[in-house]
Amino acid sequence: MDKIFIEGGRTLKGSIRISGAKNAALPLMAATILAPGQHVLHNVPDLRDTRTMLVLLESFGITWQRREKDNALLIDATNLDNIEASYDLVKTMRASVLVLGPLLARMGQARVSLPGGCAIGARPIDFHMQGLGRLGVELSLEQGYVEGKIDGRLQGSDVNFDIPSVTGTENILMAATLAEGVTTIKNAAREPEIGNLVDMLINMGARIEGKGTDRLVVHGVNELRSAEARVIPDRIETGTYLIAVGATGGELTLTDCDPTHLASLIDKLREVGLDIEEGVDHLWVARHGALKSVDIKTMPYPGFPTDLQAQIMALMSISQGLSVITETIFENRFMHVAELARMGADIRIDGKSSIVKGRSGLSGAQVMATDLRASASLVIAALAAEGETEISRVYHLDRGYDNLAGKLNNVGARIRRVKE
Ligand code: EPU
C-alpha cells in the first residue's frame, strides 16, 4: 500500500487542467451495455474506479481500447455473454451496481453482488431494487447476489424515490430506455452527472424529457444504437483544488471545468474570503486575506455536495471562528474528523453535525486515508500544515483523483509518493 508524504506550508500558484468526472464516466461506461456496436467516450479519467469498470465490462464479454490520437475510450458492446457482476469487483467499487439496469434491459436477466458495508454509511440499494421491481423485474437475493429476471421487455411505470438517489436514478433511467411504454421517475436526483447520462442515452436513440429536473419521463424504444459522448468535467476535483487554495494561499487557474456546477461551493468560498472569478470553462481563485468560518449543510444537488464536506472541513479547521458542518446525505461520513484531529484540528462531532473551532494552524502528522474524499481533506490539511504529513492507504485517492500529486506538484506543492 503506497504512502504519500506532503511538505506543508507552500502556497499554490499556476494552472491545473480538470479531468473528466469519475461519477459521470462510470454511468456512461455502464450505459454502453445497452446497445451493441462501438461506443466512443471522450474525457474518461484514468482512475482506479474507471479501470475497475472496464474490468467489469470485460467480464461480460465487452471489449475496449484507448485511441491514442484523441485519448478516446472505444467500448465495443456487441458481444455480451455473461450477466454476473462478481463480489470481487463490486466490493472494490459500489458503483458496479450501475450495470444492473442496463443488463436487465438488454438481456432480461442480471446477477449482481450486493455491495457490502462502506466507510461512509450503510448505503443500501433498496431504491434501485424497488424501482426495477416497478418495471416488472422479478428480484431475489441469493447467496449475497441480487438476481433479477424478466420474461420479455421491461414495462414502463412510475418510479418514485423517497429521497433522491444518484445511482438509483441512473439505474432506472437506463433500464427504462428499453422498456415498453412510459416511465416517469419522480423525485429524481438532479446531479449534473445524470444530465450527462441523459445526453448520452439520447444520442443512443433514447427518448427522455426533463433533463436537469426531478421528474424524468422516459418513452421506451425498441432498440438503441452505439453512440459517442463526452464526460463532463469533475466538479468535485475542481472544488477540491478551489478549497486547497483557500488552505495554502496563492492563486490558481482551473481550466476545462464547469463553474455552473459549483455554485453552492463558490458562494461559500466567497463568504470564507476567497476571490473567485468565473469564466465559461475556467475558474480563477486566490486567497489574500484571512479565512472566515462558515456553516455548511450537505444537500442533494444543487445544494452543497457531500463529496466536498470533508475537504471544506479541513479548511474550516484553520479559519477564524466556529463552523457547524452538517452531513445530511450519509450517516457516517465523519471518519476524517479523528485524522484531522491528529494534525491539531479542534472538531467535535454532535450527531449529524461537526463543530469546528478554527485554529491558527495545523501540524504535520502520520494519518490514514479512510475513504476517497476523506483522503482529499487530509491532503488539503497537509498542504497547509507546518512540517511533513504522512498519509497512508492512498489507494483511496487513486480511486477518484486523476494524478492528484502530479497536478499539485506542478503548481508548487511538494508531495512524494512512496511505494510499499
Ligand atoms: N439510499 C438508500 N437506498 C438506496 C440508495 C440510496 O437508502 O437504494 C440512500 C443512501 O444511503 C444515501 C442517500 O440515499 O443516504 C443518497 O445516496 P445516493 O444513492 O444518491 O448515493 P450513490 O448513488 O450511492 C453517488 C456518488 C457518491 C456521492 C453520492 C451523493 C457515484 C458513483 N457515487 O452515490 O460519490 O457521494 O451519490 O451525492 O455517483 C464519491 O465520489 O466519493 C462518492 C461517494
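Reply: We can start with two rings. The model is a predicted one. In it, Phe127 is buried, and Phe161 is buried too.

Me: How many aromatic pairs does the structure hold?
Reply: It holds one aromatic pair. Phe127 and Phe161 form this pair, with 6.2 Å from centre to centre and 70 degrees between the planes.

Me: How is such a pair described?
Reply: In general, a pair of aromatic rings is described by two values, the distance of the centres and the angle of the planes. Planes over 60 degrees apart count as edge-to-face, and the pair of Phe127 and Phe161, at 70 degrees, is edge-to-face.

Me: Where in the chain do Phe127 and Phe161 lie?
Reply: They link distant parts of the chain, 34 residues apart. Phe127 belongs to helix α5 (residues 126–134), while Phe161 is in the loop between β10 (158–160) and α6 (166–177).

Me: Which charged residues lie over rings?
Reply: Arg111 is one of them: it lies over the face of Tyr145, at 4.1 Å from the ring centre. In another case, the charged end of Arg416 sits over the ring of Phe5, 4.6 Å from the centre of that ring.

Me: How do I read two helices that meet?
Reply: Take the axes of helix α11 (residues 335–342) and helix α12 (residues 372–384), which come within 9 Å and cross at roughly 20 degrees. Angles under 35 degrees count as roughly parallel, so α11 and α12 are roughly parallel to each other. Their crossing is right-handed.

Me: Which residues of α11 and α12 meet?
Reply: From α11 come His336, Glu339 and Leu340, and they meet Ala374, Ser377, Leu378 and Ala381 of α12. As a general idea, an α-helix has 3.6 residues a turn, so residues three or four places apart point the same way.

Me: Is helix α1 mostly covered or mostly uncovered?
Reply: Helix α1 (residues 22–31) is mostly covered, with nine of its ten residues buried. Among them are Lys22, Leu26, Pro27 and Met29.

Me: Why does Lys22 count as buried?
Reply: Buried means under 20% relative accessible area, and Lys22 is buried because its relative accessible area is 7%.

Me: What does Lys22 touch?
Reply: Leaving out residues up to four places away in sequence, Lys22 touches Pro45, Leu47, Asp49, Asp234, Leu372, Arg373, Arg399 and Gly400.

Me: How far apart are Lys22 and Glu278?
Reply: Lys22 and Glu278 are 256 residues apart in sequence, and C-alpha to C-alpha they are 23 Å apart in space.

Methods: Residues are numbered from 1 along each chain as its sequence is written. This is a predicted model: local features need pLDDT of at least 70, side-chain atom pairs count only at pLDDT 80 or more; totals for chains, interfaces and linings use all residues. Side-chain values use heavy atoms; hydrogens and water are left out. Buried means under 20% relative accessible area, exposed over 50%, partly exposed in between (1.4 Å probe, protein chains only). Helices (H or I, at least four residues) and strands (E, at least two) are DSSP runs, numbered from the N terminus. Rings of Phe, Tyr and Trp (its six-membered ring) pair if their centres lie within 6.5 Å; planes under 30 degrees apart count as stacked, over 60 as edge-to-face and the rest as tilted. A charge sits over a ring if NZ of Lys or CZ of Arg is within 6 Å of the ring centre and within 35 degrees of the ring normal. Axes are lines fitted to C-alpha atoms, for helices over the stretch in contact, and angles run from 0 to 180 degrees between N-to-C directions. Angles under 35 degrees count as roughly parallel, over 145 as roughly antiparallel, 65 to 115 as roughly perpendicular and the rest as oblique. A crossing is left-handed if the near helix is turned anticlockwise from the far one by less than a right angle, and right-handed if clockwise. Contact means heavy atoms within 4.5 Å.
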